[in-house]
Amino acid sequence: MPDEVLEALSPRSGGIYVDGTLGGAGHSGLILEASAPEGELIGFDRDAEALAAASERLAVFGGRVRLFHRNFSSIAATLAEIGVERIDGFVLDLGVSSHQLDREERGFSFQQDAPLDMRMDRSAGRTAADLVNTLSEGELTRIVTDYGEERWAKRIASFIVKARDTHPIETTFQLVDLIKGAIPKAKWEERLHPATRTFQALRIAVNEELKSLEDGLADLLRLLAKGGRGAVISFHSLEDRIVKESFRNAATGCTCPKFVPRCICGRVPECRLVTRKPLRATDREVAENPRSRSARLRVVEKIV
Ligand SMILES: C[S@@+](CC[C@H](N)C(=O)[O-])C[C@H]1O[C@@H](n2cnc3c(N)ncnc32)[C@H](O)[C@@H]1O
């Protein structure tokens, strides 16, 4: 939703903007063009490949760009390191990129047979294979239930644990076969591959995506300058719930009980909700990029 993001941020020359999820640098490129000649962009991606591609794409903007191979949840420490105190806008376009999904060897896709990896940052952390081969049945059930909203989670976890007793689960197709065996065929959803929810759950767990979002968003809101705006695009209800609650919390003022004649809590709203309901991709965008069908954009503005 590049046009909507650009309209929300209205980048200006001299402003400092953060793109927490560079990917192919589409949003960053637009922000830099719109904030010429002196707008600056600070970009993050946990994926070294994405960072290299973004760095090549943004090279034309020279010293106006600073890129970091880091989780955007490190925003506060990173800005302190480079001596930036306030930012004028930020964008987060969450989840994995089409590029990551298409790269077979990354193990994100249930449609390609590959090692079960799913790490955005391949230099650190546990892979999806590590999780399915070591977590207890209870932990696997919880992850698949909480992060995949999969009603067959218990059976899937039980099939995984039984299978790994004889052979470690190392590839995406091994896992897909187990999931297909665990969900009775009559219950498969017509327009949803049976492995969709479990793969989403494992990806979220491997990359600790919800924790990064909670931590990063709190700092990004705090670092926004008065009048600055934040735009977040999420792709599933778990992410959107965190964004909605963080924004609503930042836009909440006095919380004194009604019977108190005058405010004693002293709380004032820090932000204003620019979008009360999330914006959705247009039919044209969905036709061009089917993944945008589930995208929801929320925008907030700092008012103090
Ligand atoms: C949907 S893509 C972004 C696409 C981008 N807006 C563009 O215009 O091309 C998401 C990117 O964010 C990265 N990412 C996701 N969560 C992250 C996090 N917590 N910290 C840093 N990068 C993250 C992924 O590695 C991926 O490259």
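This is a predicted model: local features need pLDDT of at least 70, side-chain atom pairs count only at pLDDT 80 or more; totals for chains, interfaces and linings use all residues.
**The ligand and its shell**

The ligand sits in the second largest pocket, where 23 residues surround it, the closest being Gly24, Asp45, Phe72, Asp93 and Gln100. By class, the residues of this shell divide into 7 nonpolar, 11 polar and 5 charged.

| Residue | Protein atom | Ligand atom | Distance |
|---|---|---|---|
| Gly24 | backbone N or O | oxygen | 2.9 Å |
| Ala25 | backbone N or O | oxygen | 3.5 Å |
| His27 | side-chain N or O | nitrogen | 3.0 Å |

**Aromatic pairs**

A search of the whole structure finds 2 aromatic pairs. How are the rings of Phe110 and Phe199 arranged, given the distance of their centres and the angle of their planes? The centres are 5.6 Å apart and the planes stand at 90°, which is over the 60 degrees required, so the pair counts as edge-to-face. This pair links distant parts of the chain, since Phe110 belongs to the loop between helix H5 (98-102) and helix H6 (128-134), while Phe199 lies in helix H10 (residues 196-206), 89 residues apart.

**Backbone features in loops**

Two further details concern the backbone. The peptide bond from Ala36 to Pro37 is cis, with omega near 5°, and Pro37 is placed in the loop between helix H2 (26-34) and strand S2 (40-44). Met118, although not a glycine, has a positive phi of about 70°, and its place is in the loop between H5 and H6.

Key: Residues are numbered from 1 along each chain as its sequence is written. Side-chain values use heavy atoms; hydrogens and water are left out. A residue is near a molecule or strand if one of its heavy atoms lies within 4 Å of it. A polar contact is a pair of N or O atoms within 3.5 Å; within protein, one must be able to donate a hydrogen and the other to accept it, and residues adjacent in sequence count only if both atoms are side-chain atoms. On a 1 Å grid over the protein atoms alone, a cavity is a set of points where a 1.4 Å probe fits but cannot get out, and a pocket is an open set with protein on both sides within 12 Å along at least five of seven lines; lining residues have an atom within 4 Å of a point. A molecule sits in a cavity or pocket if more than half of its atoms lie within 2 Å of its grid points. Ala, Val, Leu, Ile, Met, Phe, Trp, Tyr, Cys and Pro count as nonpolar, Asp, Glu, Lys and Arg as charged, and the others, Gly among them, as polar. Rings of Phe, Tyr and Trp (its six-membered ring) pair if their centres lie within 6.5 Å; planes under 30 degrees apart count as stacked, over 60 as edge-to-face and the rest as tilted. Helices (H or I, at least four residues) and strands (E, at least two) are DSSP runs, numbered from the N terminus.
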